[in-house]
Amino acid sequence: MKKIILIIVTLVVFLGQTNAQRYLTGQKGIQVSFGAVNGINPQRAFYLGAGIATYTKKGSHWVFGGEYLQEQMDYRLVQIPVSQFAAEGGYYYGALSDPKKNMLLSIGVSALAGYETINWGNKMLYDGASLMNQNAFLYGGAMTLELETYITNRIVLLLSARERILCGSSSVNFSTQLGAGIKFIIN
């Protein structure tokens, strides 16, 4: 009987500490994410991202990172790659959380700046046609809805829906991203 009580007390203490260590002010995490763009098959349009998140009060956090987005545009028999490299800085407001801090729904606003290249700078196509679109510097922002759920005390699963608005692009100004990711809490 003493063994059972000791096990129960140990579990309660362990679980209590686990819940108390989430979304603390100053806590940092490294995150990677990936997903589809504009509802298109990820083989034709995808994104990859990496960043650092720093938590503030009540689950809100700042995110600073970078993102690579590639979309294939159809041209006759071939597909022309449009690639975007962007840096992000944004604030995510912790809108909803369960009492045990296992899940957090955040709404984020980010500023983006980067560079777009079309067909990796090659203007001449296979049939002798020439691309009129130019490589360009991009600037704009994004609105994000992100769900975080803890897998372990240090590993967080991310699900996100995001709308990017980028000016300066000669191909795509708006893009919708649906993705998943993982965050590793480092302190």
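## Surface and composition

Accessible areas here come from the Shrake-Rupley method with a 1.4 Å probe, and for residues only the protein chains shown count as cover. On that basis the protein chain exposes about 10,600 Å², of which carbon and sulfur atoms supply 70%. The model is a predicted one, in which local features need pLDDT of at least 70 and side-chain atom pairs count only at pLDDT 80 or more, while totals for chains, interfaces and linings use all residues. Residues are numbered from 1 along each chain as its sequence is written, and side-chain values use heavy atoms, with hydrogens and water left out.

Of the 187 residues in the protein chain, 37% are buried, where buried means under 20% relative accessible area, exposed means over 50%, and partly exposed lies in between, with a 1.4 Å probe and protein chains only. Taking contact as heavy atoms within 4.5 Å, residues 24 or more positions apart account for 59% of the contacts in the chain with a separation of 6 or more.

## Strand order and the barrel

Helices (H or I, at least four residues) and strands (E, at least two) are DSSP runs numbered from the N terminus. The protein chain holds 1 helix and 8 strands, and from the N terminus on its elements follow the order α-β-β-β-β-β-β-β-β. Two strands are said to pair if DSSP finds at least two bridges between them. The 8 strands close into a barrel in the order β1-β2-β3-β4-β5-β6-β7-β8, with antiparallel pairing. From one strand to the next the twist averages 25 degrees, with axes as lines fitted to C-alpha atoms (for helices over the stretch in contact) and angles running from 0 to 180 degrees between N-to-C directions.

## Strand β2 and its partners

Strand β1 (residues 28-37) pairs with strand β2 (residues 45-55) in the antiparallel sense over 9 bridges; Lys28 has Thr54 of β2 as its bridge partner, and Ser33 has Gly49 of β2. On the other pairing, 11 bridges join β2 to β3, and these two strands also run antiparallel, with Gly51 standing opposite Gly65 in β3. The hairpin of β2 and β3 has 5 residues between the strands, and in this hairpin Lys58 takes a positive phi near 55 degrees.

## Aromatic pairs

Rings of Phe, Tyr and Trp (its six-membered ring) pair if their centres lie within 6.5 Å, and planes under 30 degrees apart count as stacked, over 60 as edge-to-face and the rest as tilted. By this rule there are 5 aromatic pairs. The ring centres of Tyr68 and Phe85 are 5.0 Å apart and their planes lie at 45 degrees, so this pair is tilted. The pair links distant parts of the chain, with Tyr68 in strand β3 (residues 61-75) and Phe85 in strand β4 (residues 78-97), 17 residues apart.

Tyr68 is buried, with a relative accessible area of 18%, whereas Phe85 counts as partly exposed at 39% relative accessibility. Ring pairs link Phe46, Tyr68 and Phe85 into a cluster.

## Surroundings of Thr117

Thr117 is found in strand β5 (residues 103-118) and counts as buried at 6% relative accessibility. Leaving aside neighbours within four places in sequence, Thr117 is in contact with Pro81, Val82, Ser83, Phe85 and Asn135. With Asn135, a polar contact of 3.3 Å joins the two side chains; a polar contact is a pair of N or O atoms within 3.5 Å, and within protein one must be able to donate a hydrogen and the other to accept it, with residues adjacent in sequence counting only if both atoms are side-chain atoms.
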